[in-house]
Amino acid sequence: MESRKFFSEELSRLRQGILAMSTRVEENLGKALIALRTCNIELAKEVRADDSEVDALQIKIEDEAAIVIATQQPVARDLREMVTIFKLTSNIERVGDYAVHLARAASKLAKTGNSAFRAQMHLEKMAEIGQTMLRSAITAFMTQDAEAARAAAAMDHQIDDEHKALTEDIVKVIKKNSSLVKSGLRVLHTSNQLERLGDHITNICEAIIYMIEGKHEELNE
């Protein structure tokens, strides 16, 4: 009984670690979004600096999870949650990397001025949806709600739609003015990164469903 109590306490601590890590990434996405809207180079630099804390949290959580697995030898549902924690930290860290990429894009936009593309509107929308997806996915993890995880993953199609619209806009502009190819590809690269952000959050949702229901469900179609 004492061993089970210890495991429950450690598991609770790991869950709180996941929450703290995802909250920091969500905050960084928000900062990158503001930096994009306001061309705030200093705020963009802050996002890049904060990312090291996200990386440190990932290492801390994974080290603690490894110790729990080694000392408590969890089975069945408990073992699935421990495995899920590793999947979550990996994907949350990747989402954090995309927040940094958006911050870099904001810095470049601040230096070069607005482009000929209607890029900012689409990039902002993609980042906003990403924030909501991440928050919803981690809430699903904390509340152990598989249906909420599915609902969070379903929002990814909205990011895909924004990415598609931006891509089409870039193609149209480049066809009219070939000198904009380089800047168009730069914007498209940022859009690609944000599209992948949605894919990683969908991966988080799939891991949560596996944890709760014990089955692998493909949500990223």
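Student: Is the crossing of H4 and H5 left-handed or right-handed?

Tutor: The crossing of H4 and H5 is left-handed. Keep in mind that this is a predicted model.

Student: What angle do H4 and H5 pack at, and how far apart are their axes?

Tutor: The angle is about 165 degrees, and the axes are 8 Å apart. H5 covers residues 146-154. An angle over 145 degrees counts as roughly antiparallel, so H4 is roughly antiparallel to H5.

Student: Which residues make the contact?

Tutor: From H4, Met133, Ser136, Ala137 and Ala140 take part; from H5, Ala148, Ala149, Ala152 and Ala153. By type, the contact of H4 with H5 has seven nonpolar residues, one polar and no charged.

Student: Where do the axes of H4 and H6 stand, in distance and crossing angle?

Tutor: The axes of H4 (residues 119-143) and H6 (residues 156-176) come within 9 Å and cross at roughly 170 degrees. H4 and H6 are therefore roughly antiparallel to each other. Their crossing is left-handed.

Student: And which residues of H4 and H6 meet?

Tutor: On the H4 side they are Ala119, His122, Leu123, Lys125, Met126, Ile129, Gly130 and Met133. On the H6 side they are Asp156, Gln158, Ile159, Glu162, His163, Ala165 and Leu166. The residues of this contact divide into eight nonpolar, four polar and three charged.

Student: Let's zoom out. How many helices and strands does the protein have?

Tutor: Seven helices and zero strands. From the N terminus on, the order of elements is α-α-α-α-α-α-α.

Student: What does the C-alpha trace span?

Tutor: Along its principal axes, the C-alpha trace spans about 70 × 35 × 20 Å. Of the protein's 221 residues, 48% count as buried. As for contacts between residues at least 6 apart in sequence, 81% join residues at least 24 apart.

Student: How many residues are in the largest nonpolar core?

Tutor: That core has 60 residues. Ile18, Met82, Ile85, Leu88, Ile92, Leu197 and Ile204 have the most contacts inside it.

Student: Which elements give two or more residues to this core?

Tutor: They are H1 (2-38), H2 (41-72), H3 (76-112), H4, H5, H6 and H7 (181-213). H3 gives the most, with 12 residues.

Student: Take Ile85 then. What is Ile85 in contact with?

Tutor: Apart from neighbours within four places in sequence, Ile85 is in contact with Leu11, Leu14, Ile18, Ile61, Ala65 and Phe141. One of these, Ile18, is also among the core residues with the most contacts inside the core.

Student: Now Glu81. Buried or exposed?

Tutor: Glu81 is buried, at a relative accessible area of 1%. Glu81 lies in H3.

Student: Which residues does Glu81 touch?

Tutor: Not counting residues up to four places away in sequence, Glu81 touches Leu11, Arg15, Phe141, Gln144 and Met211. Leu11 and Phe141 are also contacts of Ile85.

Student: Asn28, is that one buried or exposed?

Tutor: Asn28 is buried, with a relative accessible area of 2%. Asn28 is found in H1. Leaving aside neighbours within four places in sequence, Asn28 is in contact with Val47, Asp50, Asp51, Val54 and Ala99.

Student: And where is Ile170 found?

Tutor: Ile170 is in H6. Ile170 counts as buried, at 3% relative accessibility. Ile170 and Leu180 are 10 residues apart along the chain, and their C-alpha atoms are separated by 9.1 Å.

Student: Change of topic. What is the phi of Cys39?

Tutor: Cys39 has a positive phi of about 55 degrees although it is not a glycine. Cys39 sits in the loop between H1 and H2, and Cys39 is partly exposed at 36% relative accessible area.

Student: What about the phi of Ala76?

Tutor: Ala76 has a positive phi of about 50 degrees and is not a glycine either. Ala76 is found in H3.

Student: Why does Ala76 count as exposed rather than buried?

Tutor: Exposed means over 50% relative accessible area, and Ala76 is at 55%, so Ala76 counts as exposed.

Key: Residues are numbered from 1 along each chain as its sequence is written. This is a predicted model: local features need pLDDT of at least 70, side-chain atom pairs count only at pLDDT 80 or more; totals for chains, interfaces and linings use all residues. Side-chain values use heavy atoms; hydrogens and water are left out. Axes are lines fitted to C-alpha atoms, for helices over the stretch in contact, and angles run from 0 to 180 degrees between N-to-C directions. Helices (H or I, at least four residues) and strands (E, at least two) are DSSP runs, numbered from the N terminus. Angles under 35 degrees count as roughly parallel, over 145 as roughly antiparallel, 65 to 115 as roughly perpendicular and the rest as oblique. A crossing is left-handed if the near helix is turned anticlockwise from the far one by less than a right angle, and right-handed if clockwise. Contact means heavy atoms within 4.5 Å. Ala, Val, Leu, Ile, Met, Phe, Trp, Tyr, Cys and Pro count as nonpolar, Asp, Glu, Lys and Arg as charged, and the others, Gly among them, as polar. A nonpolar core is a set of buried Ala, Val, Leu, Ile, Met, Phe, Trp, Tyr and Cys residues joined through side-chain atoms within 4.5 Å. Buried means under 20% relative accessible area, exposed over 50%, partly exposed in between (1.4 Å probe, protein chains only).
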